[in-house]
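This report describes one protein model, part by part. Please look over the sequence and the structure before reading on.

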Amino acid sequence: MDFEEIYHEYFQEVFLFIRSLCHDERIAEEITQEAFFKALKSLEKFDGSKDVRAWLFTIAKNTYFSHYKKMKRQGNLDLIEEPMMEVQFVKHLMNEDDAFTVHQFIHSMNEPYKEVFSLRTFGELPFEKIGKLFGKSAGWARVTFYRARKQILEYMEDMNYERD
């Protein structure tokens, strides 16, 4: 598979992954482009022992963290939302067994957490539209989403603790 094929096949997935971390389309586009540039520069080092998708996601995640550290040094932390929690959550969704466990837990969640979380994560709706659906504000949707995500992460931590 040549780089152009890799780019066309995985760009959207990597972009959505980064957007889920930073919640800013412009920054996600910039980081995704930078990640693919880094991938192109190190393509000859890629030995195929990892899945191409996993390799790209690793580069993208590291590029995102580099961006986050740069923003932190510049004092622009208000532009970045809880990156460690986001990456931890996305890792759960990337693992097939964990993803199934997450979906089982989401199915058992109380409303409005279940629906708000699903609309934001799987429907990719902005908080403004989610709030309108419920007759509430974007802030309400944002808080409800983060509370739902926190419940899921706590559940996954408990599950991982039980496995160990």
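Phe105 has a relative accessible area of 16%, so Phe105 is buried, the cut-off being under 20%. The model in which this value was computed is a predicted one. Tyr155, by contrast, is partly exposed, with a relative accessibility of 28%.

The whole structure holds 12 aromatic pairs. One of them is made by Phe105 and Tyr155, and this pair is stacked. Phe105 belongs to helix H5 (residues 96-108) and Tyr155 to helix H8 (residues 138-163), so the pair ties together parts that are 50 residues apart in sequence.

## A ring cluster

Tyr7, Phe11, Phe15 and Phe36 are linked into a cluster by ring pairs.

## From H5 to H6

A loop lies between H5 and H6, and Pro112 is found in this loop. The peptide bond that joins Glu111 and Pro112 is cis, with an omega of about 5°.

## H6 against H7

Two packed helices are described by the angle between their axes and the distance between the axes. For helix H6 (residues 113-121) and helix H7 (residues 127-134), the angle is about 145° and the axes are 10 Å apart. The crossing in which H6 passes H7 is right-handed.

Which residues of H6 and H7 meet? On the H6 side they are Glu115, Val116, Leu119 and Arg120. On the H7 side they are Phe127, Ile130, Leu133 and Phe134. Sorted by class, this contact has 6 nonpolar residues and 2 charged residues, with no polar ones.

## The protein as a whole

The protein has 8 helices and 0 strands. Read from the N terminus on, its elements run α-α-α-α-α-α-α-α.

What share of the 164 residues is buried? Buried residues account for 38% of them. The accessible surface of the protein comes to about 10,000 Å², and 51% of that surface belongs to carbon and sulfur atoms.

Contacts can also be sorted by how far apart in sequence the two residues are. Among contacts between residues at least 6 apart in sequence, 58% join residues at least 24 apart.

Notes: Residues are numbered from 1 along each chain as its sequence is written. This is a predicted model: local features need pLDDT of at least 70, side-chain atom pairs count only at pLDDT 80 or more; totals for chains, interfaces and linings use all residues. Side-chain values use heavy atoms; hydrogens and water are left out. Axes are lines fitted to C-alpha atoms, for helices over the stretch in contact, and angles run from 0 to 180 degrees between N-to-C directions. Helices (H or I, at least four residues) and strands (E, at least two) are DSSP runs, numbered from the N terminus. A crossing is left-handed if the near helix is turned anticlockwise from the far one by less than a right angle, and right-handed if clockwise. Contact means heavy atoms within 4.5 Å. Ala, Val, Leu, Ile, Met, Phe, Trp, Tyr, Cys and Pro count as nonpolar, Asp, Glu, Lys and Arg as charged, and the others, Gly among them, as polar. Buried means under 20% relative accessible area, exposed over 50%, partly exposed in between (1.4 Å probe, protein chains only). Accessible areas come from the Shrake-Rupley method with a 1.4 Å probe; for residues, only the protein chains shown count as cover. Rings of Phe, Tyr and Trp (its six-membered ring) pair if their centres lie within 6.5 Å; planes under 30 degrees apart count as stacked, over 60 as edge-to-face and the rest as tilted.
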